[in-house]
Amino acid sequence: MATSSQQEAQMRDSKPSCGETARAFVQHAVCLIMSQIKSITWPRVVLFGDSITQFCFQTNGWGSEIANKLARKCDVVNRGLSGYNTRWAAAVLPRIITHSDPVVAAVVVFFGANDSSLEDKNPQQHVPCEEYKENLKGIVGYLASAGVPKDKVVFITPPPLHEACWEKECILKGSSLNRLNSVTGQYAQACVQAAGHCGVDVLDLWSLMQKDGEDFSEYLSDGLHLSEKGKQFVAEHLWTLLESRVADLPFILPHWADVDAKNPENSLLCD
């Protein structure tokens with residue numbers, strides 16, 4: 001049986017030390033403060049397209065360039081889906097952008113390279129040109145219903161196709177040439193028409209890259225996808241359309257030189 005002195009020692013040992021009490025108090029205070037702080041909502045620029053978009057965050061990618069320009073202002077979200085056409089894109093869009101999403105500063109819609117596949121050579125990806133146009137209109141309509149107005153939407157047409165280069169890629173995969181530049185041009189024009197009908201801006205890559213008979217092959221890596229120069233071309237021209245849409249976005253969280261070093265919470269935890 002424990003003696004009185006032993007019981008007192010056990011009680012002292014079971015009590016929290018001053019240091020433990022202080023730490024518990026600080027932890028409680030921090031939890032209380034943090035519970036009253038609003039989380040930061042970062043606006044989003046959504047890049048929605050096929051493989052040309054999916055690859056846009058690769059080294060020197062056009063998406064990376066846009067993201068770098070918008071650092072500390074918003075998130076640039078890559079929702080490129082390699083191999084997709086507008087039929088599939090329209091089906092999955094409600095799973096990508098919803099009413100409950102953070103503020104959407106802009107949506108870039110970049111499809112057509114797969115829709116314009118020749119039906120007899122690539123029926124899985126092919127979408128008739130008129131349906132392609134209607135799908136683009138439907139995407140704008142859905143975005144409007146999800147709270148993204150048309151003035152925040154930008155279309156990009158498919159780039160021109162260099163048939164000789166792309167045919168080599170097709171042969172390596174055991175197939176014949178499954179796209180033609182003239183057909184891609186029809187889809188590019190349909191994209192421009194859909195943009196005009198919906199009242200959204202459009203970057204007509206197909207026309208711009210061939211302007212004045214320019215050799216557009218240098219903009220492409222394999223006849224279809226973008227080369228380093230092509231990525232830079234897209235980044236520069238897209239930024240001219242996006243800049244006005246994101247110009248008013250504030251710099252999120254203060255510059256380090258503006259933080260009160262003695263009381264940083266006054267700078268960092270206020271709205």
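User: What makes the 1 space of 30 Å³ or more in this structure a cavity?

Analyst: The structure holds 1 cavity of 30 Å³ or more. On a 1 Å grid over the protein atoms alone, a cavity is a set of points where a 1.4 Å probe fits but cannot get out. The largest cavity has a volume of about 30 Å³, the volume being the space filled by probe spheres set on the points, joined across faces, edges and corners. This is a predicted model, where local features need pLDDT of at least 70, side-chain atom pairs count only at pLDDT 80 or more, and totals for chains, interfaces and linings use all residues. Residues are numbered from 1 along each chain as its sequence is written, and side-chain values use heavy atoms, without hydrogens and water.

User: Which residues line the largest cavity?

Analyst: Ala113, Ser116, Pro158, Pro159, Leu161, Arg179, Thr184 and Leu224. Lining residues have an atom within 4 Å of a point.

User: Why are the side chains of strand β4 said to point two ways?

Analyst: Val153 and Phe155 point one way, Val154 and Ile156 the other. In a regular strand the side chains alternate between the two faces of the sheet. All four residues are buried, meaning under 20% relative accessible area with a 1.4 Å probe, protein chains only.

User: How do you know that β3 and β4 pair?

Analyst: Pairing needs at least two bridges found by DSSP. Strand β3 (residues 104–110) and β4 have 3, in the parallel sense, so they pair. Val109 has Phe155 as its bridge partner in β4.

User: What joins β4 to β5?

Analyst: 3 bridges, with the strands parallel. Val154 stands opposite Asp201 in β5.

Technical notes:
On a 1 Å grid over the protein atoms alone, a cavity is a set of points where a 1.4 Å probe fits but cannot get out, and a pocket is an open set with protein on both sides within 12 Å along at least five of seven lines; lining residues have an atom within 4 Å of a point. Buried means under 20% relative accessible area, exposed over 50%, partly exposed in between (1.4 Å probe, protein chains only). Helices (H or I, at least four residues) and strands (E, at least two) are DSSP runs, numbered from the N terminus.
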